[in-house]
Amino acid sequence: MKYTNEFNIPSRIVKQLPVLYPPKEKRISVVDLINPPRIRTLQLTNWDDITMDYSDLLDTIIGLSVHERQHKLATTDEESETKFEDIIDGTTLVGRSDNFDLIEKIIRDTKTIPVDRLKFPDFFRELELQLNI
């Protein structure tokens, strides 16, 4: 993947943005599982030709900050940022829970969303699908 910086975002902010890794054929995340398969297929075959601008990742800073803060504040009765993996028919399914309450046996998932997403009801369906996998 190639990155651009069309809006001259300062390097101090760019350093806070997540690094996106190329997908692996026999490994899929919970989020990718519910996304349209064509997107994943195109990413698998064209990763080196895809271009993304840093501005497209700015929303992630807030979510990453909230998750980091929750992780730091987790109590001894909670597991935070727990990674899950399961192999199904030779493909590894991966996910990560934000918070698992060891007493109540409840997974809590925290989402931060930009205001403009409130206009798109399908976005909330995607969140529900993630939680139900």
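1. Y54 is partly exposed, its relative accessible area being 22%. This value, like the others below, comes from a predicted model.

2. The structure contains 1 aromatic pair. It is formed by Y3 and Y54, whose ring centres are 5.3 Å apart and whose planes meet at 5°, so the pair is stacked. Y3 belongs to strand 1 (residues 2–4), while Y54 sits in the loop between strand 3 (51–53) and helix 4 (59–73); the pair therefore ties together parts that are 51 residues apart in sequence. Y3 is partly exposed, with 29% relative accessible area.

3. S80 is located in strand 4 (residues 78–88). Its relative accessible area is 14%, and S80 is therefore buried, since the cut-off for that class is under 20%. The side chains of S80 and H71 are joined by a polar contact of 2.8 Å. When residues up to four places away in sequence are not counted, S80 touches Q70, H71, A74, S97 and D98.

4. F123 lies in helix 5 (residues 121–132). With a relative accessibility of 12%, F123 counts as buried. Apart from neighbours within four places in sequence, F123 is in contact with I113 and R117. For F123 and I113, which are 10 residues apart along the chain, the C-alpha atoms are separated by 9.6 Å.

Key:
Residues numbered from 1 in each chain as written. Predicted model: local features only at pLDDT ≥ 70, side-chain atom pairs only at ≥ 80, totals over all residues. Heavy atoms only, no water. Helix = DSSP H or I, 4+ residues; strand = E, 2+ residues; numbered from the N terminus. Buried < 20%, exposed > 50% of the residue type's maximum accessible area, 1.4 Å probe, protein only. Contact = heavy atoms within 4.5 Å. Phe/Tyr/Trp six-rings, centres within 6.5 Å; stacked < 30°, edge-to-face > 60°. Polar contact = N/O pair within 3.5 Å; in protein donor to acceptor, adjacent residues only side chain to side chain.
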